[in-house]
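I opened my notebook to record what I looked up in this model. The entries follow the order in which I checked things.

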Amino acid sequence: MTGTDQSSFLGRISIRRNQVNAMEGYHEQEIEDLELFQKQLSDRFAELLSAPDDGPTEAFLSISWIRKLVDVFLCCETECKAILLMERDAAQISKPPLDRLIPELLERVVKAMDICNAVTNGLELVRHCQKLAEIAVSALEQKPFGEGQARRAKKALVSLMSAMHVDDKESSVQKTAERSWSFGRRSGNKDRHHGHYRSLSWQVAKHWSASKQIHAMTMNLAAPRGPEASCLPAPVYILSLIIVFVMWVLIAAIPCQERSGLTTHLPINKHVNWTHSLASIHDKIGEEWKKKEKKGMAGLLYEMQKMEKLGQSLIEFTDSYQFPGEKEKLDEVAAQVAELAEVCRRMDEGLVPLQMLIREAFHRLVRNRTEFLDVLEQGGPVV
Amino acid sequence: MDGCQSGVPTYEGDLHVVAAAHHIVKALGATKNLSDDLRKILIDLDSHLSMITSNIDSKGGRGLVDVEERLDQAERKIMRWETDPMMIWDSGPKEASDYLEAVDETGKLVDGLRGLSVHENRKQKEILHRAMNILQMAMSRLEEELIHILVRHGQQFEPKHMYSRSIRKDIVYDESFVSVEDEPIKETSSRNYSNDESGECIVDLVHADVIPDIKSIAKVMFTSNYGPEFCEAFISVQKEALEQYFSFLGTENLSIEDVLKMEWTCLSSKMNKWTWSMKIIVRVYLASEKQLCDQVLGGLGSVSSYCFLEISKATILCLLNFGEAVAMGPHRPEKLLRLLDMYETLACLLRDIDTLFSEEAGSFIQLQFHELLERLGESAIAAFEAFRVAISSNGSLYPFAGGGVHPLNKYVMNYIRMFPEYCNTLNLLLKNQHPGVADQVTEPDYGLDASLLTSCPMAYHLRSITSCLESNLHKKSQLYKDEALQHIFLMNNIHYLVQKVKGSELRLFFGDEWIRKHNAMFQQHAMNYERATWSSVVSFLRDDNPGSSSMSKSTFKERCKGFSVAFEEVYKTQTSWSIPDPELREDLRISTSLKVVLAYRTFLGRNLAYTDDKCVKHTVEHVENSLLDLFEGSSRSLRNSRRW
């Protein structure tokens with residue numbers, strides 16, 4: 001979407017830096033670059049904010065919306081890095097206050113890598129939900145439809161619900177992991193279907209907590225003031241804020257290890273233009289999170305929310321279903337099944353690419369960190 | 001098949017045709033070696049034919065009754081187990097096959113009745129729904145049985161039986177380079193496990209006896225369109241089994257942050273463990289899992305590879321993430337060998353990974369492996385550079401007491417002694433580091449051809465490392481005020497260098513020319529030492545006037561005294577110096593002896609007339625014996641010893 005924008009932006013910086021590197025007016029050029037960058041950011045987040053709350057394509061917090069968000073993140077990351085590092089004398093980066101800000105940024109980057117991995121694990125759970133919903137859909141679409149199929153659908157839907165209401169607390173993970181197999185007749189098999197998604201591979205590490213990571217990432221994250229606001233500390237702040245923000249959205253949307261107490265406050269400087277849309281997105285998701293958090297849920301991902309609602313309603317239907325069923329009710333259910341099928345289709349299309357995209361973001365963070373470290377090393381410690 | 005359904009026969013003759021067709025189908029079905037697809041078609045055909053027959057019969061109302069009877073029978077068999085506390089497959093093969101037969105029968109009836117449902121016969125519909133209900137119950141039950149069988153007959157294997165896990169001596173790094181002692185390192189024992197895994201080991205993750213059972217459950221579930229349920233159950237158990245095995249190996253999930261903060265000794269052992277677990281997980285566990293999937297789900301298209309990917313993905317990613325974390329950590333010199341271990345492990349597993357995840361869906365995993373390999377390679381090179389930098393920049397404020405072998409030298413030489421084991425990998429990685437060297441290189445595998453080994457990239461880098469080391473040692477030698485001690489220090493250290501090279505495979509990479517040159521170098525230092533120390537001492541004994549027979553007594557006295565004082569001074573200083581190598585020490589003493597003792601003996605011999613005088617403080621024997629005390633590393637004095 002912003003591919004051409006971006007390459008021209010990068011080209012601009014590179015040409016500028018080459019031309020004016022040793023000349024007067026360097027600083028003004030830089031301010032101009034930064035303004036252009038912020039303008040682009042503002043547009044991108046405004047576009048994300050404008051997504052409809054509901055609808056067939058690109059709804060707010062849908063899989064395709066999140067893919068867009070991660071794309072925006074990747075673009076910002078490249079551009080920010082260009083502003084910070086391209087054609088720049090390493091010594092500039094290792095001077096105060098950057099000698100403190102950059103290492104802090106890199107710590108956030110490391111935490112973001114772990115969050116990417118946690119989210120990748122979480123997407124496995126979402127995929128598992130998709131598979132269960134697909135079973136329910138295929139049962140409910142059977143013709144002729146009878147009690148057998150209703151029971152089949154119900155079984156899948158009940159598994160789906162308990163998989164969705166995953167308890168991300170560490171204690172439950174331990175319990176699941178330690179539970180020994182029960183060989184007695186049919187005991188212990190009840191929650192087998194989702195148990196494994198909470199087991200060992202679900203964890204990033206023992207005692208790791210997504211919400212604590214976000215909390216730690218927001219520490220010392222403050223918008224630069226005064227003259228700093230228009231020079232190098234500004235892009236460091238922007239990049240930090242965007243990393244924290246994107247990770248925060250991912251955690252809110254996609255289930256992952258230990259999200260309780262996820263902060264709904266991010267230090268967004270609302271006095272600058274470019275953060276307006278970002279702050280609105282943040283408020284909107286924060287509200288939603290507060291509403292849903294207590295219920296214990298799979299996350300704010302649009303498709304999961306939709307699946308939960310439809311699943312609940314279809315469980316009620318299968319519970320009370322008796323052959324042959326009322327025509328009216330059956331028509332209503334058929335519509336819901338079609339909707340659920342559509343959700344499954346969108347998951348089928350979007351989840352694997354999203355997983356790959358998040359992996360790409362992970363690799364990008366790895367490379368990003370290496371580049372910064374290389375530059376810091378060249379600059380040497382400031383004595 | 002629609003043709004079959006629409007053409008329901010209406011007269012007697014057709015009955016015979018159908019009966020004949022039925023016979024043929026039955027006969028064909030009895031044939032062995034049928035493909036699964038074909039068998040399924042025959043089964044379908046069979047159920048359709050029986051349905052047609054019963055429909056023809058139903059003219060007289062008999063057909064449906066027959067169907068109902070068959071369903072009743074199947075239902076009884078299926079329902080009996082709903083209240084039974086035993087698992088069916090635990091109860092015996094007869095029970096299991098009876099149950100499967102009943103399920104199969106129900107499935108056939110469902111298929112058949114469905115085909116006829118166009119007729120909107122109420123009774124028929126009722127039977128169909130009943131049959132589907134029973135089928136659902138049976139499928140649910142089969143899912144439980146499947147999980148039970150997989151769990152109950154799942155087998156863990158001991159990794160010990162697969163690989164002898166050798167513990168490689170770890171060189172502990174510390175900033176001062178003082179921790180390495182010259183212990184003999186068994187070079188051959190350390191890596192023998194990395195070469196013997198060409199043969200894949202496949203084990204039975206689930207007992208071989210129950211594979212046919214699992215297959216038969218898979219078959220009936222897939223035939224009844226309950227494939228997704230089968231997959232979910234199968235994946236869930238096998239995924240958890242893999243995770244349990246993973247923790248059984250002692251590998252735990254670590255966040256990147258944890259890995260980056262980890263202390264070196266701990267990280268080193270985790271890196272070792274990773275190398276080991278990675279091999280077992282990929283070569284043994286996943287290869288076996290793949291086989292299991294293929295055995296159970298072989299004839300079902302991409303189902304097998306889908307299940308395999310779902311089972312293994314999370315664990316693989318977990319292993320890869322540790323690798324990523326290690327590769328991005330600080331590139332410290334001590335990490336080099338572990339990184340090379342990880343690199344080599346991954347490189348030799350690549351082909352396995354490419355085979356295991358050959359389908360399109362698995363290309364993601366393949367890609368991640370290739371990326372990590374590249375990253376580990378870069379990281380190893382960076383650690384290699386860091387090693388070189390650490391050698392060059394290792395500085396000292398004070399001279400190293402005694403002039404013996406410096407710990408930096410010991411550390412470096414003991415460390416690079418392991419490099420030949422990684423020869424091919426290092427050559428591959430270092431090839432692009434110095435374009436000048438790469439040009440000379442045409443053949444990447446240097447084998448054991450000695451003439452080529454000295455010109456491979458690794459050899460170049462080894463020599464460059466030792467030359468860094470040498471120049472650092474020269475710098476360190478400058479810290480000594482005493483010129484003689486500078487030479488002792490350099491002699492000791494270069495001798496050590498040469499010994500280490502000669503005594504290991506390093507000699508193949510350094511070559512004879514290098515060894516000759518360095519031999520000459522330390523010998524030169526030995527000569528310089530002798531000149532620096534003994535020339536002035538021996539000068540007292542020199543005959544200034546070779547023509548005349550003897551010198552004056554006073555001159556003799558003066559010379560004698562001068563010699564004694566100088567000799568005692570040397571004795572006092574140089575007994576505290578150290579030449580750790582006994583042979584080298586011996587050689588130097590002999591050559592010193594030759595020079596000093598001979599001169600002293602001659603000097604005394606020429607002046608026999610005065611030798612009774614008190615001024616001759618030391619006898620020749622005494623001087624000779626005293627020389628034996630030099631370079632022992634503990635200061636002594638002749639002044640306090642008994643006087644003659």
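**Entry 1: a buried aspartate**

I began with a side-chain pair in chain B: D341(B) and Y422(B) are joined by a polar contact of 2.7 Å. I note here that the model is predicted. I then looked up where D341(B) sits, and found it in helix α14 of chain B, which covers residues 336–356. Is D341(B) buried or exposed? Its relative accessible area is 6%, and the cut-off for buried is under 20%, so I put D341(B) down as buried.

**Entry 2: helix α21 of chain B**

Next I checked the length of α21(B), which runs over residues 483–502. How many residues of α21(B) are buried? I found 17 of the 20, so this helix is largely enclosed by the rest of the structure. I also looked at the start of α21(B), where the backbone nitrogen of A484(B) has a side-chain oxygen of D482(B) within 2.9 Å.

**Entry 3: E308 of chain A**

I moved to chain A and located E308(A) in helix α12, residues 302–320. The relative accessibility of E308(A) is 17%; because buried means under 20%, I counted this residue as buried. Which residues does E308(A) touch, leaving aside neighbours within four places in sequence? I listed M161(A), M164(A) and H165(A). I also took a distance along the way: I13(A) is 295 residues from E308(A) along the chain, and their C-alpha atoms are 47 Å apart.

**Entry 4: where the chains meet**

Last, I looked at the contact between the two chains. Chain A gives 52 residues to it and chain B gives 55. Together they bury about 4900 Å², with 51% of that on carbon and sulfur atoms. How many salt bridges are there between chain A and chain B? I noted 5. One of them pairs R127(A) with E310(B), and the closest N and O atoms are 2.5 Å apart. For polar contacts across this interface, I recorded 22 residue pairs, with both residues at pLDDT 80 or more.

I then asked which elements of chain A give two or more residues to the side touching chain B. They are α5 (98–140), α6 (147–164), α7 (170–178), α8 (192–195) and α13 (327–379). Of these, α5(A) gives the most, with 11 residues. By type, the residues on that side of chain A are 17 nonpolar, 17 polar and 18 charged.

Terms used
Residues numbered from 1 in each chain as written. Chains lettered and ligands numbered in written order. Predicted model: local features only at pLDDT ≥ 70, side-chain atom pairs only at ≥ 80, totals over all residues. Heavy atoms only, no water. Contact = heavy atoms within 4.5 Å. Buried area = accessible area lost by both parts, 1.4 Å probe. Salt bridge = Lys/Arg side-chain N within 4 Å of Asp/Glu carboxyl O. Polar contact = N/O pair within 3.5 Å; in protein donor to acceptor, adjacent residues only side chain to side chain. Helix = DSSP H or I, 4+ residues; strand = E, 2+ residues; numbered from the N terminus. Nonpolar A, V, L, I, M, F, W, Y, C, P; charged D, E, K, R; others polar. Buried < 20%, exposed > 50% of the residue type's maximum accessible area, 1.4 Å probe, protein only. Expected span 1.5 Å × (residues − 1).
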